[in-house]
There are 6 protein chains.
Amino acid sequence: MRLSARNCLKGKVVSVSDGAVNAEVVLELAGGSRLCAIVTRDAVEELGLESGVDASAVIKASNIILAVPA
Amino acid sequence: MRLSARNCLKGKVVSVSDGAVNAEVVLELAGGSRLCAIVTRDAVEELGLESGVDASAVIKASNIILAVPA
Amino acid sequence: MRLSARNCLKGKVVSVSDGAVNAEVVLELAGGSRLCAIVTRDAVEELGLESGVDASAVIKASNIILAVPA
Amino acid sequence: MRLSARNCLKGKVVSVSDGAVNAEVVLELAGGSRLCAIVTRDAVEELGLESGVDASAVIKASNIILAVPA
Amino acid sequence: MRLSARNCLKGKVVSVSDGAVNAEVVLELAGGSRLCAIVTRDAVEELGLESGVDASAVIKASNIILAVPA
Amino acid sequence: MRLSARNCLKGKVVSVSDGAVNAEVVLELAGGSRLCAIVTRDAVEELGLESGVDASAVIKASNIILAVPA
């Protein structure tokens with residue numbers, strides 16, 4: 001599957017913490033920066049997301065806010 | 001200012017391309033991966049976004065989709 | 001690629017209208033309802049989106065608002 | 001009320017599952033495809049969302065990612 | 001129509017500026033603060049959005065980032 | 001930090017209710033209207049969000065839906 005989203009960052013899952021409906025998944029990207037995603041618990045199960053698994057972060061360009069020092 | 005968004009990725013602007021209302025800004029992150037953001041042209045002017053400027057990408061955890069190989 | 005997004009609706013492109021940075025793509029879903037997506041022009045080119053092409057709409061569950069009659 | 005969102009898909013609630021703050025609501029659209037929305041528990045109560053109720057899915061065009069086969 | 005979105009802020013349109021696909025609409029809320037929304041040009045036409053018109057801003061709770069002073 | 005998001009509404013926290021992963025935070029804006037945000041519990045702790053604290057709501061222009069009376 002190819003996606004229209006402009007951003008697809010490769011990384012590795014470092015942790016998963018469950019909520020009632022959602023779960024918080026932390027990904028380490030190439031270069032060491034970390035990304036925190038909130039996805040549904042069903043998605044965690046279906047995709048087999050657990051520590052050490054390869055996964056990518058897909059982000060629409062319009063969902064990014066840019067910040068510069070004050 | 002401190003933000004509730006879980007993700008604030010430091011990088012450097014590598015290009016800005018203008019539209020009528022919006023503009024497409026590409027950021028290079030530590031580790032070399034690139035992020036494309038769409039922000040308003042007003043924001044580009046106000047924040048002085050141009051090639052070489054330090055900027056961070058602020059992303060809500062709930063705006064990230066995770067992908068694994070099929 | 002498998003995605004954490006809960007919604008992946010299969011359809012066919014019925015029209016594409018270009019803007020400066022973005023483009024408006026209309027998809028007809030099984031059952032006849034239509035979906036309008038705004039993606040970047042680069043995405044339209046890369047994915048070869050044009051009338052008649054099969055495409056799916058990927059939507060995060062947290063990006064849907066529900067409405068009921070007043 | 002008329003909305004600026006380009007997408008308003010009519011359907012019927014088929015299930016509601018509660019979390020602590022959020023709830024997962026599944027809608028069946030005309031033509032049979034299913035949509036999963038995450039809304040707050042307060043919204044579920046206020047809108048009387050339960051199996052069999054008519055409801056529409058309101059989605060901003062900029063919140064849709066398009067996918068094509070690899 | 002009643003919506004699951006937790007935020008529906010009443011205001012009045014103070015300006016509309018057109019792009020190719022999108023338009024930037026500024027709303028003045030009760031209490032004087034201003035909100036800038038980007039919607040499609042089709043939406044501006046269909047809803048008759050122009051200076052002086054009453055309109056509300058509908059915002060999902062999950063689309064808000066909170067900020068506190070550093 | 002200066003942000004590309006077009007909307008930064010100043011207010012005061014009036015309530016915080018915790019979920020497993022997320023928390024619902026209600027802000028009162030100047031002029032009295034109220035905004036409900038869903039952020040992670042980690043964010044609530046890090047930013048010290050509790051009743052009476054000054055906080056601003058940061059909202060991307062593309063995340064706002066406009067509504068007019070039917």
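This is a predicted model: local features need pLDDT of at least 70, side-chain atom pairs count only at pLDDT 80 or more; totals for chains, interfaces and linings use all residues.

Student: OK. Which residue forms a salt bridge with B:Glu46?

Tutor: F:Arg6. The closest N and O atoms of the pair are 2.9 Å apart.

Student: Where do the two ends of that pair sit?

Tutor: In separate chains, since the pair crosses between them. B:Glu46 is in helix H1 of chain B. F:Arg6 is in the loop between E1 and strand E2 (7-18) of chain F.

Student: Is F:Arg6 buried or exposed?

Tutor: Buried. Its relative accessible area is 19%, and the cut-off for buried is under 20%.

Student: How many salt bridges are there over all chains?

Tutor: The structure holds 24. One of them joins A:Arg41 to A:Asp18, with the closest N and O atoms 3.8 Å apart.

Student: Which elements does that pair tie together?

Tutor: A:Arg41 lies in helix H1 (residues 41-47) of chain A, and A:Asp18 lies in strand E2 (residues 7-18) of chain A. So the pair links parts that are 23 residues apart in sequence.

Student: And how accessible are A:Arg41 and A:Asp18?

Tutor: A:Arg41 is partly exposed, at 32% relative accessible area. A:Asp18 also counts as partly exposed, at 48%.

Student: What do B:Arg41 and B:Asp18 do in chain B?

Tutor: Their side chains meet in a salt bridge, 3.8 Å from N to O. B:Arg41 is in helix H1 (residues 41-47) of chain B and B:Asp18 is in strand E2 (residues 7-18) of chain B, so this pair too ties together parts 23 residues apart in sequence. B:Arg41 is partly exposed at 31%. B:Asp18 is partly exposed at 45%.

Student: Switching to interfaces. How many residues are in contact between chain F and chain A?

Tutor: 14 residues of chain F are in contact with 18 residues of chain A. The two chains bury about 1100 Å² between them. Of that area, 56% is on carbon and sulfur atoms.

Student: Which residues of chain F lose the most area to chain A?

Tutor: F:Arg2, F:Val21 and F:Lys60. Together they account for 45% of what that side buries.

Student: How many salt bridges and polar contacts are there between chain F and chain A?

Tutor: Zero salt bridges. Four residue pairs are in polar contact, both residues at pLDDT 80 or more. By class, the side of chain F that touches chain A has six nonpolar, five polar and three charged residues.

Student: Which strands of chain A and chain F pair?

Tutor: Strand E6 (residues 65-68) of chain A and strand E1 (residues 2-3) of chain F. They are antiparallel, with two bridges. The bridge partner of A:Val68 in E1(F) is F:Arg2. F:Arg2 is also one of the residues of chain F that lose the most area to chain A.

Student: Now the sheets. What is the strand order in the open sheet of six strands?

Tutor: E1(D)-E6(F)-E5(E)-E2(E)-E3(E)-E4(E), with antiparallel pairing. The edges are strand E1 (2-3) of chain D and strand E4 (34-40) of chain E, each pairing on one side only.

Student: How many bridges join E1(D) to its partner in chain F?

Tutor: Two, to strand E6 (residues 65-68) of chain F. There D:Arg2 stands opposite F:Val68.

Student: And how does E2(E) pair with E5 and E3?

Tutor: Strand E2 (residues 7-18) of chain E pairs antiparallel with strand E5 (residues 54-59) over six bridges. E:Leu9 stands opposite E:Ala57 there. With strand E3 (residues 22-29), E2(E) makes seven bridges, again antiparallel. E:Asp18 has E:Ala23 as its bridge partner in E3(E). E2(E) and E3(E) form a hairpin with three residues between them.

Student: Last one. Where is C:Val16, and what does it touch?

Tutor: C:Val16 is in strand E2 (residues 7-18) of chain C. Leaving out residues up to four places away in sequence, C:Val16 touches C:Ala23, C:Glu24, C:Val25, C:Val44, C:Leu49 and C:Glu50. C:Val16 is partly exposed, at 31%.

Key: Residues are numbered from 1 along each chain as its sequence is written. Chains are lettered from A and ligands numbered from 1 in the order in which they are written. Side-chain values use heavy atoms; hydrogens and water are left out. Two strands pair if DSSP finds at least two bridges between them. Helices (H or I, at least four residues) and strands (E, at least two) are DSSP runs, numbered from the N terminus. Buried means under 20% relative accessible area, exposed over 50%, partly exposed in between (1.4 Å probe, protein chains only). Contact means heavy atoms within 4.5 Å. Buried area is the accessible area (1.4 Å probe) that two parts lose on being put together, summed over both. A salt bridge is a side-chain nitrogen of Lys or Arg within 4 Å of a carboxyl oxygen of Asp or Glu. A polar contact is a pair of N or O atoms within 3.5 Å; within protein, one must be able to donate a hydrogen and the other to accept it, and residues adjacent in sequence count only if both atoms are side-chain atoms. Ala, Val, Leu, Ile, Met, Phe, Trp, Tyr, Cys and Pro count as nonpolar, Asp, Glu, Lys and Arg as charged, and the others, Gly among them, as polar.
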